[in-house]
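Please look over the sequence and structure shown here. A short briefing comes after them, sorted by topic.

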Amino acid sequence: MDAVTWVAAAVSLASAVATVVLGALFEQRRQRGVREEARRDTVGRYAEPLLQAATALRTRLAHAVERDLGGRLDRPAEGAANRYRHQRDVDYYLYDTLYRIGCYLGWSRVLHQEPRYLDVGSREHNRELMRLLGAVSAAITAETEDWTFQLWTGETWVLGDLMIDPHTSPGDPNRVISALRFHHEIRENPDFGRWFAPLIEDFGRFAADRNAGRLRLIQIHNALGELISFLDPYGSDTRSSFEPLPLDDPSPDTPPTSGEARGVGEPSQ
């Protein structure tokens, strides 16, 4: 075999090897792209509902602190028509707020039960997400002098479990029950409603004393804001814009109260 033949054979072999290697590299990249797309799709199905739940709850807490939601619940009404409208307001704000709390706890519980869906791109991002979820939980469960709106860690787990639709499976974007289902369960199912009873009592305290639970609501609001900023860093949802509330800002309508002077009023009937 002469030199030309050897060279031709070598070039042919090199070409074949290059084709195989490049094909393997391209296939590896394609598979990596497919996995990344699947990961983003899966994370999106969980991150988006968590973002929506956190945003809805943060918005309601801001209204409660800044727009005197407690006063609206406790406002006296005269006349049958006014009493009817007042009761509608009470029912709406009370149960809608409970649903927003439940939704957040439900999605938080889902993410802790199904950790494989927590991959948000890197170990550092995953750790930061867990830290932010933990910060919200810490604000809810912290033991302070004013125990209004405080839940034990186990209570947050139970509430989260109650909010998960048992007819769904991991990966389902509708893991948390609907508002309609929530309203039915909390009114008709004693085993469901009793777990929300402490929060209902706390709303009564908040209506009677604007400073009862106020600091905790602000801390939860601010922790949710940090979580929302992480989940939606570019503010694609205008509701995600976040300004922390000052921790030392008392209610404008009520003088500061000590830890012992807590309101004990019940929700308006």
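This is a predicted model: local features need pLDDT of at least 70, side-chain atom pairs count only at pLDDT 80 or more; totals for chains, interfaces and linings use all residues.

The chain has 9 helices and 0 strands. Of its 269 residues, 41% count as buried.

**The chain as a whole**

- Read from the N terminus, the elements run α-α-α-α-α-α-α-α-α.
- The accessible surface of the chain comes to about 15,300 Å². Carbon and sulfur atoms hold 56% of that surface.

**Helices α4 and α9**

- Two packed helices are described by an angle and a distance, both taken between their axes.
- Helix α4 covers residues 123-141, and helix α9 covers residues 214-231.
- How do α4 and α9 pack? Their angle is about 165°, and their axes are 8 Å apart.
- Angles over 145 degrees count as roughly antiparallel, so α4 is roughly antiparallel to α9.
- The crossing of α4 and α9 is left-handed.
- On the α4 side, the contact is made by His125, Glu128, Leu129, Leu132, Leu133, Ala135, Val136, Ala139, Ile140 and Thr141.
- On the α9 side, the contact is made by Arg216, Gln219, Ile220, Ala223, Leu224, Glu226, Leu227, Phe230 and Leu231.
- By class, this contact of α4 with α9 has 13 nonpolar, 3 polar and 3 charged residues.

**Ser137, in α4**

- Ser137 lies in helix α4.
- Is Ser137 buried, exposed or partly exposed? Its relative accessible area is 27%, so Ser137 is partly exposed. The range for that class lies between 20% and 50%.
- Ser137 and Ile220 are 83 residues apart along the chain. Their C-alpha atoms are separated by 8.3 Å.

**Ile228, in α9**

- Ile228 lies in helix α9.
- Why does Ile228 count as buried? Its relative accessibility is 0%, and buried means under 20%.
- Ile228 and Thr55 are 173 residues apart in sequence. In space they are 6.8 Å apart, C-alpha to C-alpha.

**Phe149, in a loop**

- Where is Phe149 found? Phe149 sits in the loop between α4 and α5, and α5 spans residues 153-163.
- Phe149 has a positive phi of about 70°, although Phe149 is not a glycine.
- Phe149 counts as buried because its relative accessibility is 6%, and the cut-off is under 20%.
- Phe149 and Leu199 are 50 residues apart in sequence. Their C-alpha atoms are 6.1 Å apart in space.
- Which residues does Phe149 contact, leaving aside its neighbours within four places in sequence? They are Ile140, Leu199, Asp202, Phe203, Phe206, Ala212, Gly213, Arg216 and Leu217.
- Ile140 and Arg216, which are among those contacts of Phe149, also take part in the contact of α4 with α9.

Notes. Residues are numbered from 1 along each chain as its sequence is written. Side-chain values use heavy atoms; hydrogens and water are left out. Helices (H or I, at least four residues) and strands (E, at least two) are DSSP runs, numbered from the N terminus. Buried means under 20% relative accessible area, exposed over 50%, partly exposed in between (1.4 Å probe, protein chains only). Axes are lines fitted to C-alpha atoms, for helices over the stretch in contact, and angles run from 0 to 180 degrees between N-to-C directions. Angles under 35 degrees count as roughly parallel, over 145 as roughly antiparallel, 65 to 115 as roughly perpendicular and the rest as oblique. A crossing is left-handed if the near helix is turned anticlockwise from the far one by less than a right angle, and right-handed if clockwise. Contact means heavy atoms within 4.5 Å. Ala, Val, Leu, Ile, Met, Phe, Trp, Tyr, Cys and Pro count as nonpolar, Asp, Glu, Lys and Arg as charged, and the others, Gly among them, as polar. Accessible areas come from the Shrake-Rupley method with a 1.4 Å probe; for residues, only the protein chains shown count as cover.
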